[in-house]
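Visitor: I am new to this structure. Please show me how to read it, one feature at a time.

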Amino acid sequence: MKEKLEKLKKPVCAVIMLICMFLLLGCTGTAELGGNINVYAIQGAVLLVITIISGIIGGLFS
């Protein structure tokens with residue numbers, strides 16, 4: 001069971017990173033259309049932190 005989790009960890013974290021990157025691009029678009037820059041900064045920071053943490057957990061930044 002533990003071996004299966006180790007095999008799945010890297011692809012799952014890579015998918016999470018890709019989703020967060022696409023969401024970051026979407027946040028940029030809403031800020032350009034007149035959205036609140038404070039909300040954009042908070043959402044972007046949270047998404048970036050999630051991306052970095054999932055990369056570290058998945059071993060993609062080692």
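Predicted model: local features only at pLDDT ≥ 70, side-chain atom pairs only at ≥ 80, totals over all residues.

Visitor: How many residues does helix 2 have, and how far does it reach?

Guide: Start with the term. Helices (H or I, at least four residues) and strands (E, at least two) are DSSP runs, numbered from the N terminus. The expected span of a helix is 1.5 Å times one less than its number of residues. Here, helix 2 has 21 residues. From first C-alpha to last it reaches 30 Å, close to the 30 Å expected. Gly59 follows helix 2 and has a positive phi, near 75 degrees.

Visitor: Which residues of helix 2 are buried?

Guide: Buried means under 20% relative accessible area, exposed over 50%, and partly exposed in between (1.4 Å probe, protein chains only). In helix 2, the buried residues are Gly44, Leu47, Thr51, Ser54 and Gly55. They lie on the same side of helix 2, because they cover an arc of only 100 degrees around the axis. That arc is taken from the directions from the helix axis to the C-beta atoms.

Visitor: What does the face turned away from the buried side carry?

Guide: That face of helix 2 carries the exposed residues Asn38, Ile42 and Ile56. Take Ile42: it counts as exposed because its relative accessibility is 56%. Gln43, also in helix 2, counts as partly exposed at 37%. The C-alpha atoms of Gln43 and Leu24 are separated by 8.0 Å, yet these residues are 19 apart along the chain.

Visitor: Which residues form the nonpolar patch on the surface?

Guide: Patches are made of residues with over 30% relative accessible area and no salt bridge; like charges are joined within 9 Å, nonpolar side chains (Val, Leu, Ile, Met, Phe, Trp, Tyr) within 5 Å. A salt bridge is a side-chain nitrogen of Lys or Arg within 4 Å of a carboxyl oxygen of Asp or Glu. Here the patch is Leu8, Val12, Ile16, Ile42, Val46 and Ile50, with about 510 Å² of accessible area together. Helix 1 (2-32) and helix 2 each give two or more residues to it. Val46 is partly exposed at 47%, and Ile50 is partly exposed at 37%.

Visitor: How many disulfides does the structure hold?

Guide: A disulfide is a covalent bond between the sulfur atoms of two cysteines. The test is a pair of cysteine sulfur atoms within 2.5 Å. This structure holds zero. Cys13 is buried, at 9%, and Cys20 is buried, at 5%. The C-alpha atoms of Cys20 and Val46 are separated by 9.4 Å, and those of Cys13 and Ile50 by 10.0 Å.

Notes:
Residues numbered from 1 in each chain as written. Heavy atoms only, no water. Areas by Shrake-Rupley, 256 points an atom, 1.4 Å probe, with all protein chains shown as cover.
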